[in-house]
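Try each task before you read its solution.

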Amino acid sequence: MTHKHDPRIPVTLLTGFLGSGKTSLLKTLLSDPAMAGSAVLINEVGEVGLDHLLVQQVSEEITLLESGCLCCTVRGDLARSLRDLFMRRLQRDIKALDRVVIETSGLADPAPIIHTLMRDFFLAERFRLEGVVTTVDVRNVHWQLGQHDEAVKQVAMADRIVLTKCDLADSMQIAEAEERVVALNPAAQCWQSEPGKLPTGLLEGMSLYDPVSKTADVGRWLGEVAIDEQERLRARGGVFARPALHDESVSTYLLRFDEPFAWADFSRAMDTLQSVVGDRILRVKGLLAVRGEDVPRVIHAVQHERYPDSSLPAWPDDDHDSRLVFIVRDLPRSVLDKAFAAFCGPSDPLPGSRD
Ligand SMILES: Nc1nc2c(ncn2[C@@H]2O[C@H](COP(=O)(O)OP(=O)(O)OP(=O)(O)O)[C@@H](O)[C@H]2O)c(=O)[nH]1
């Protein structure tokens, strides 16, 4: 998988809209012996990251980037983390650094991230952006592409696209999703995923990210980032105000509960929320303490759909509170608080945050 004539460390950017299956694919990818020696950087929307806890079981070297979105505030942190990895490898603090995989948040615009990886002087000399892999949820792709520019860019900028949730979709849904994706990015290779299986040859044959091989939009987006970056540099200490990049209507809320849930009560609260306001719920994920269980349950949902829950083998640290991250559109936090208070008792009154 290494590029013979280029000594730089290959970087794979793994992106895809909220809940489309990035972390699931990452876990499968990291279980492949060919990926030994990989370091992983994970960025999540929300005040608390959970993905790194889910991936911890398959990789030793994981860095959780600062909370916030990789394409805006956290870009400096990405550059710092990569520099730090490189220096730690140089000092032999880490065993190997054969590859880096960066999992973006589901709301990330990949253009500024790609720009940083290709144009930051220190990084570009030591790391080579090999390719962009994007996961696309075939059951939710139409509203995601219709409502979120980030989702469009994630697809258009990809080298490889993995269509996910194909096992939950019929052949017509899969074909329509693929048609939509190909219209945005005719040059990308597409795979249909099977849960737990690594798409054959997914990372093979990629050597260097090439924006020119993509549609004209890709060059334009990267050009816009470069101009933005120039303005920022020129106004250093001045008054340059980065424009709001994200949809104002999208909010992220962390709900924290110190009492373990009765599972039936939790399920009723979620069922009610998903049936009444599911179309405004972009994503839910959580780590839950459940009465009578010693280990935490992990739950995932997108809109009206809740995926089968699973358990971690143990609590990852001393924090045994239940934590639920909701990413919603046009939905006040009070609606969530009321639903959980009605079925399960109140959550801790933490303020909600917008990404
Ligand atoms: N049935 C099925 N479920 C899947 C598939 N891919 C992902 N899932 C489930 O979808 C849910 C979300 O998957 P994740 O891998 O966490 O998605 P993500 O893109 O990392 O989510 P964010 O980080 O929140 O954007 C989980 O419950 C997964 O088990 C798939 O191909 N088939």
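**Exercise 1. Find which domains supply the shell around the ligand.**

Step 1. Domain 1 (9–231) and domain 2 (250–344) each give at least three residues to this shell. These bounds come from an automatic or database domain assignment. The model is predicted: local features need pLDDT of at least 70, side-chain atom pairs count only at pLDDT 80 or more, and totals for chains, interfaces and linings use all residues. Residues are numbered from 1 along each chain as its sequence is written.

Step 2. The shell has 22 residues, and G21, T23, G106, H300 and Y307 come nearest. A residue is near if its C-beta atom, placed from the backbone, lies within 6 Å of the molecule. The elements that give two or more residues are α1 (22–31) and β9 (281–288). α1 gives the most, with three. Helices (H or I, at least four residues) and strands (E, at least two) are DSSP runs, numbered from the N terminus.

Step 3. Sort the shell by type: four nonpolar, eleven polar and seven charged. Here Ala, Val, Leu, Ile, Met, Phe, Trp, Tyr, Cys and Pro count as nonpolar, Asp, Glu, Lys and Arg as charged, and the others, Gly among them, as polar.

**Exercise 2. Decide which residues of α8 are buried and which are exposed on the face turned away.**

Step 1. The buried ones are A177, V181 and L184.

Step 2. Seen down the axis of α8, they fall within an arc of 55 degrees, so they line one face of the helix. The arc is that of the directions from the helix axis to the C-beta atoms.

Step 3. The face turned away carries exposed S171, M172, A175, E179 and A183.

**Exercise 3. Describe the setting of R92 and of K165.**

Step 1. Most residues other than glycine have a negative phi. R92 has a positive phi of about 60 degrees, and K165 one of about 65 degrees.

Step 2. R92 sits in the loop between α3 (75–90) and β4 (99–103). R92 is exposed, with 7 other C-beta atoms within 10 Å.

Step 3. K165 sits in the loop between β6 (160–164) and α8. K165 is buried, with 26 C-beta neighbours inside 10 Å.

Technical notes: A residue is buried if 20 or more other C-beta atoms lie within 10 Å of its own, exposed if 12 or fewer, and partly exposed in between; C-beta atoms are placed from the backbone.
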